[in-house]
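Okay, everyone, thanks for coming.

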Amino acid sequence: MAERTFLVEHRYLNLPVKNNAEKRVVRFVVDGAEVYRFDIELAEGDADFWVYADLALFQGTRLTVAVDGVAENALAALVQSDAPLGMDDLYREKYRPQFHFTSRRGWLNDPNGLVFYDGVYHLFYQHNPYGWSWGNMHWGHAVSRDLVHWEELGDMLYPDPLGAMFSGSAVVDWQNTTGFQDGDDPPLVLIYTAAGEPYTQCLAYSTDGGETWVKYADNPVLGHIAGHNRDPKVIWHTPSRQWVMALYLVDYDYALFASPDLKTWRKLCDVHIGDATECPDFFELPVDDDPANTRWVFWGANGNYVLGHFDGETFTPETEVLRYAGDGNSYAAQTWSDTPDGRRLQIAWLRVNLPGMPFNQMMTFPCELTLRTTPEGIRLCSSPAREIADLYCQGVHWVDEMLELGEDWLNVVTGERFDIYAEIAPGAATEIGFVLRGIPVTYDVTATTLTCEGRTVSLPLLNGILSLRFLIDRASLEIFGANGLVALPMGVILPEVERTLRLYVEGGPAKVATLDIQELDSAWGCHSADSAFAS
Ligand code: FRU
């Protein structure tokens, strides 16, 4: 065992990581008691990247760092600092998404604790602060005023004796049902899974509008029910004046629970949504913007959903199991609580490996969900949150022009990041194709299917028009078809040197009713040198 003891005088302890090195358990000990532990692929020679532990809680103490199985000098490299080390090219790394949220360091997966309060969108997320792969689940925390520019604040929930910090949600407790209020701000409450033995549901809260958070002293608030029950999503149900929790239980079982105060829960009913597991969401939406005609959506991590009615006791499905965005790489989507304008905004984990980076995985761009009547019935639709327009820097636009065989209008455009919208009447064309920075996206007019990266989805024409929207970033291509009825969020690393776009037709000419190409700024403030529209 190697040990090092030092006086904590700076905010961070920096640790070197070597990918695929043997995993070591690091223990922090203060006054003879273990206060924190995590595992890490600790570099004993050259590091692939540096990670950091936040020492805010240990300032002024003598901290012992103990690691089993490494030579004494393996800890010599550990160093304190006031700002994390190795961040010189932060947000400019080769595969760093430029308008999607990623963590500065380490692995991320599910979005958690999405809540809006006092002008701020909170985004918590499943985070491994110490490695490129899943593990050591903490809740990372980031905030934004516009859903586009995010500030990462650091880890807010740490593993504790009840377990690792698995997924969950957040609410504003406007009526102080919890009694947590202390000051002018209503309590903001996180409801999360402690993944110990067994898995239980717990609370943490903030009395200062979301800046600082503490765990509830009487956790857990919902004991073990079955299997690895987890991922509570809580909403306030106004008609029955109670909190309602959707929870994943075991196998393909979900359930709803109710509570007057977030602290005591009773079961309402079971819910099944086909082969979905994990991360439920549960919310009400107007159909075709009509507030007098609403449906409840029960959603699972893989994009399975069911529409139905909810009376405060029972969820009554009225559709078969439907599927949204399930063919792409997104997972575990969650919607924001307490949005100021009633928009139902959703963000998801976009599964993509980013090799060689000091971070891994990304979030989708936030989307607004709606329910629309279609020939098949009522369906979920989504479109990128309108705030994306904040990043528009230059654009080109075509209206009502024929695209002939062999023509390629887009050879005037080069760049890295785009928001592209097209409405095309196929006419005599049998195939309409885009090649977006080297990635082909092909529409088969006869089969009415769209194919990209080996995935094929059915995409109907709307009144004879093909509608497609693409968001393009360094490691993602998010495709929306038929005005958001179809979504194909793809995690894919776009070739760095390939900056061109193509649009072509096969079989005959097509009429382009609208083609809008907007180049996007980086949300992190770095522009790629060669990105430009030639005239
Ligand atoms: C979904 C999930 C959740 C769990 C979390 C752990 O991706 O497996 O069920 O809470 O991730 O990181």
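So, how many Å separate the centres of domain 2 and domain 3, taken over C-alpha atoms? It's 34 Å. Keep in mind that this is a predicted model.

Let me back up and show you how the chain is divided. Domain 1 takes in 2-81, domain 2 comes in two pieces, 106-279 + 327-367, and domain 3 covers 386-533.

Now, the interface of domain 2 and domain 3. On the domain 2 side, 22 residues are in contact with 20 residues of domain 3. Together the two domains bury about 1600 Å², and 61% of that is on carbon and sulfur atoms.

What about charges and polar groups? Two salt bridges turn up across this interface, along with seven residue pairs in polar contact. And if you look at the side of domain 2 that touches domain 3, you get eleven nonpolar, six polar and five charged residues.

While we're on salt bridges, have a look at Asp341 and Arg386: their side chains pair up at 3.2 Å, N to O.

Okay, on to the cores. The largest nonpolar core has 58 residues, and the ones touching the most other members are Trp150, Val297, Trp336 and Leu380. At least three residues of this core come from domain 2, and at least three from domain 3.

Beyond its neighbours within four places in sequence, Leu380 is in contact with a list of residues including Val297, Trp299, Tyr305, Leu369 and Leu485.

Apart from that core there's another one, with 40 residues, and among them are Phe418, Ile439, Leu468 and Leu515.

That's my tour, thanks!

Notes
Residues are numbered from 1 along each chain as its sequence is written. This is a predicted model: local features need pLDDT of at least 70, side-chain atom pairs count only at pLDDT 80 or more; totals for chains, interfaces and linings use all residues. Side-chain values use heavy atoms; hydrogens and water are left out. Domain bounds come from an automatic or database domain assignment. Contact means heavy atoms within 4.5 Å. Buried area is the accessible area (1.4 Å probe) that two parts lose on being put together, summed over both. A salt bridge is a side-chain nitrogen of Lys or Arg within 4 Å of a carboxyl oxygen of Asp or Glu. A polar contact is a pair of N or O atoms within 3.5 Å; within protein, one must be able to donate a hydrogen and the other to accept it, and residues adjacent in sequence count only if both atoms are side-chain atoms. Ala, Val, Leu, Ile, Met, Phe, Trp, Tyr, Cys and Pro count as nonpolar, Asp, Glu, Lys and Arg as charged, and the others, Gly among them, as polar. A nonpolar core is a set of buried Ala, Val, Leu, Ile, Met, Phe, Trp, Tyr and Cys residues joined through side-chain atoms within 4.5 Å. Buried means under 20% relative accessible area, exposed over 50%, partly exposed in between (1.4 Å probe, protein chains only).
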